[in-house]
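Here is a short briefing to read alongside the sequence and the 3D view. Take it one topic at a time, and find each residue as you go.

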Amino acid sequence: MATLVSILLSVLMAAVVFFYVIVMGNFSDAAWVYGLFLIYLFARMTFAEQHNKGSGVKYRRIFQIVFAVFFCISFISRLFAERGSMAITSGAMTNSEIPFCHIAIPQVLLPFTITRDIIFPARVSGHYASIANMLCIWLALTFTIGRGWCSWVCFYGGWEEGFSHIGKKRRLNLLAKNKEIREFQFGFFAFIVLASLGAMSAVYCEWFCPFKLVTEFSPMNTIPGLIAGVIFIGLFLSLVVVLPILTKRRTQCSTLCPFGAFASLTDKASLFSVTIDTQKCKGCMKCASACPFGAIDADTIQLKKGRPELTCAKCGECIHVCSEKAISYSFRFAVRCKKPEAKNNFEKTLQLFLEPAQLFRFAAFSFGVIMSDSFVVDSLNIIFSQITHFSK
Amino acid sequence: MNTHITLHRTSTNKFIYYLGATLTLLISVFGISLFFYSSSFFSTLLAQSLHLHVAPSFIGGEIAQDFFDDAGDDSGSGILAYPSNAAFKEGSLDLVRYTVHKPVSDAKWQAHPEYWQIDLEYKSGPASVRTIMIYIDADGDRCGSTETLYDCSMNNEITGAENCQFDQAHPWDYAIQICDGEGKVYAAEKDKAGALTLQFICNTELSFAKNDKQVIIRIPLENKQLQKIYTAKTTYHYVLTGGFSKWDRGNFLPVEKRRTLSRGGTKKVDQYNPLIPLIYDVLDDSSDKRFSQNAQLSSWNKDDFTKATLHPVTVSMNEQPQTGNTDDFIAEVKKQYTASQSNHDVQNASQSSSSGNGSPFQRALTAFNNGDSAAAEQLLQEVIETEPENAEALAYYGSCIAMHGGKSSVIEAVKLVNDSFVYLDKAAALAQGTPQELTVLMNRASVCAAVPDAVFGKAAAGAEDFSKCASLYKKEISQETDTNDAEHSYTKDEKLFLAYLYVSAYDCYKTAGKETEASLAVKEAERIWKQNK
């Protein structure tokens, strides 16, 4: 029966992929390649999870890394096509053509509620990264996968995901500092929100965002521009490249990203959460060591909290390493309304269909598929055209 | 009793769990996909309900006033012709919109935190063929210059003249010269002796957008001489556009009796006069006929060698921009057009029932007009098999396939609409320059307007087709009556059809996010609608 459920979910995902990737990609070769890759990835993940709980996590990693790399290729090529460089031009600024990414959302919300102005020079609508579009996506993700966005969909997070899996051995252990790191992230988030309100400008985007190095940045022909350049290049190299390699953790996501902190705060509205069965837990701390977001530490286990800390991004790494199978996805509403015991075959079958882990993976992967389709297909088209060009 | 309560709680718990889990399943499996499929609807709804807009200081500041200049008036007083050089595209000197923003202070992310932005929009690019002069009376104090930048220059460093002078009541304080990819600001000020001097103040930030159609000028306001802009309640603007010439006076391209590759000319040889202003388009106040472009640019006097006198447009810097209520007008045009179409349909139905059999194409048209697209599709397929180059049949067949798509499943609909454009595009290519062109383009435009822009991105193309249809229809009428658009007075039906075409173009431009083009289309619809009323 479990196999049947896996097949059914894979077929449904294939339908989502077929429409959003292949049909919307106009049945191009690139769309077929990416579509088949996604169907394969989801089916492998679903069947792997069926055989060994948590083992599907590697397919999530592959997806996120692929999305991050191809997103940047596509985004940069669009910038070159539109303005001839990665630098923000005055024309792009005056025409509100700066793409609005999710990281800007927590910075613009408070000023918007007070002044009714969006403090970011992006298009309000009618653009692939318009303000209204991104706000809608944020609302949808808040009420479905919550902070699962960071580990399943975020096209920046994939860079850290990749770098954190380059080294085999952890050379720097930050486990003992998890609580302080979490506090720093929320403190920095508060600073960014207040600074944005004070300056009436998205301060993180202007000064700190390390991902400007792989997307777009202000021209460095003025002293402030140069200072901002030094800051974001330094942050990219340290927090996105070096520290993830040394710590095997997502250091930028868990220390600096304001959207990550914001999504943690709003995660209570989402449908899914991760729970720890304190009866089964033996306190081995493997989960704490594996968590790339520092959401589990000694206190979480010793105080038998029954769930990871606020910064959990539902990546499933802890589920994968837990030898006692004590950690699992669950429905958020089921914290108060416990999962009933299946008394007959019908209820057993029903519970298989309504398995929270399956549904969460389906929801998160659907999000990823739909967000990534045009970027990855674009990039593949660019790569294919280059290959054809050179082969001639 | 306790057992009963426990059982009741357990069954309630079970019900809530399964209900919640089922809802979660529906949201996870179907909800996310459906949300993204209708995301453009949700984002439009969100933008409208929250009144989302970007803080003005990021994007040029609040708009003080927005002017729309007539399209197609780029011949000076009606007598000038562009040089024959291919660099001059049709409409590249035709100013269609002039937007003055309020000055901005403490702007973020900008090269100059204090600036004043002015936008100009032309019918087409490139920008390299234009010389733009904007003369501004910033205070209305009658102190400044009434001569052009060239004429009032004392040291002849600036070489050029547009062959005109300015209203004595509004001498200019600032002149902004835009040409050769550069913008420069000059001020006309009186020195201690009371003599008028010309001073270079600064360069402007200059950028071009929308394929060179839009010119965005940002004037840095750090210079003290420019800061009276902050306190100005009303400013007066002379906006002049001429051809660019690097080697001629004031960078204005000369006008001669006959146009050549590198010189503009008069349309007829006997129209030439050395006093003709070298200005192809000037922003005029359309509400006052005394100051129309024609009147201003032909106000030179060859008897006493007086140059043409230009009059400014008044820009209120503090009031909210006034926007006309076009919604009622658009609704009225659509209502009347729909009513007239239903009358036609009734007539067609009675004619078709009486006419009986005709050629397959005739029968297909009858079926199409009667709304039986399935029968029309079948008949048209037969016509296309025998006449594969029949542009009208191809166009109607394309429309039928698109209509078929509208009744199909989502995936099939995408495929059918894509297929329909293959036929419509082929029909348009075949019909170019033939009498069928209007019908073919109407079909393609209607399909472009009907399909969702978020999926097919055809709204802009639809708008262009509707505009082209209007031009073709005007041409058709003028050929029949041997008059031009300005002279012709349209019948009620002609007016309605033309207004409908422009209103449809307006809708498509709006959908495509092309605000300027949309405003121009509705302005043209209003002009035709009000004609002879």
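In this predicted model, chain A is divided into domain 1 (1-63 + 341-392) and domain 2 (271-340). The C-alpha centres of domain 1 of chain A and domain 2 of chain A lie 25 Å apart.

**Where the two domains of chain A meet**

- Domain 1 of chain A brings nine residues to the contact, and domain 2 of chain A brings 14 residues.
- On the side of domain 1 of chain A that touches domain 2 of chain A, α3 (57-83) and α18 (356-391) of chain A each supply at least two residues.
- Of these helices, α18(A) gives the largest share of that side, with three residues.
- Sorted by class, that side of domain 1 of chain A has four nonpolar, two polar and three charged residues.

- Chain A has a mean pLDDT of 91, and 99% of its residues reach 70 or more.
- Which elements of chain A have the lowest and the highest mean pLDDT? The lowest, 75, belongs to helix α4 (residues 90-94) of chain A, and the highest, 96, belongs to α13(A).
- As a reading tip, where pLDDT is low, the predicted coordinates should not be read in detail.
- Helix α13 (residues 258-266) of chain A is mostly covered, as seven of its nine residues are buried.
- The buried residues in α13(A) are A:Pro258, A:Phe259, A:Gly260, A:Ala261, A:Phe262, A:Ala263 and A:Ser264.
- What do the buried residues of α13(A) pack against? Their partners are α5 (105-115), α7 (148-152), α9 (178-199), α10 (203-208) and α12 (251-255) of chain A.

**Chain B at a glance**

- Chain B has 533 residues, and 42% of them count as buried.
- Its secondary structure comes to 14 helices and 17 strands.
- Among contacts in chain B between residues at least 6 apart in sequence, 66% join residues at least 24 apart.

**Where chain B meets chain A**

- How many residues of each chain are in contact? On chain B there are 43 residues, and on chain A there are 50 residues.
- Four elements of chain B, namely α1 (2-37), α2 (39-50), β10 (205-209) and α9 (410-431), each supply at least two residues of the side that touches chain A.
- The largest share of that side of chain B comes from α1(B), with 17 residues.
- By class, the side of chain B that touches chain A has 25 nonpolar, 15 polar and three charged residues.

**A three-stranded sheet in chain B**

- An open sheet in chain B is formed by three strands in the order β2-β14-β13, and the pairing is mixed.
- Why is one side of β2 (80-81) and of β13 (255-256) in chain B left without a neighbour in the sheet? Each of these strands stands at an edge and has a single partner strand, so one side has no neighbour there.
- Strand β14 (residues 264-266) of chain B runs antiparallel to β2(B), and two bridges join them.
- For a pair to look for in the 3D view, B:Ala81 stands opposite B:Gly265 in β14(B).
- In general, strands of a sheet pair through backbone hydrogen bonds, either parallel or antiparallel.

**A buried residue in chain B**

- You can find B:Ile330 in helix α5 (residues 327-355) of chain B.
- Is B:Ile330 buried or exposed? B:Ile330 is buried because 21 other C-beta atoms lie within 10 Å, and the cut-off is 20 or more.
- Leaving out residues up to four places away in sequence, B:Ile330 touches B:Val503, B:Tyr506 and B:Val522.
- B:Ile330 and B:Tyr502 are 172 residues apart along the chain, and their C-alpha atoms are separated by 9.7 Å.

**Backbone details to look up**

- A:Met200 has a positive phi of about 50° although it is not a glycine.
- This residue, A:Met200, lies in the loop between α9 and α10 of chain A and is partly exposed, with 18 other C-beta atoms within 10 Å.
- B:His51 also has a positive phi of about 50° and is not a glycine.
- The loop between α2 and β1 (63-68) of chain B holds B:His51, which counts as exposed with 8 C-beta neighbours inside 10 Å.
- A cis peptide bond, with omega about 0°, joins B:Gly125 and B:Pro126.
- B:Pro126 is in the loop between β4 (115-122) and β5 (130-137) of chain B.

Methods: Residues are numbered from 1 along each chain as its sequence is written. Chains are lettered from A and ligands numbered from 1 in the order in which they are written. This is a predicted model: local features need pLDDT of at least 70, side-chain atom pairs count only at pLDDT 80 or more; totals for chains, interfaces and linings use all residues. Two strands pair if DSSP finds at least two bridges between them. Two residues are in contact if their C-beta atoms, placed from the backbone, lie within 7 Å. Ala, Val, Leu, Ile, Met, Phe, Trp, Tyr, Cys and Pro count as nonpolar, Asp, Glu, Lys and Arg as charged, and the others, Gly among them, as polar. A residue is buried if 20 or more other C-beta atoms lie within 10 Å of its own, exposed if 12 or fewer, and partly exposed in between; C-beta atoms are placed from the backbone. Domain bounds come from an automatic or database domain assignment. pLDDT is the predictor's confidence in each residue, from 0 to 100.
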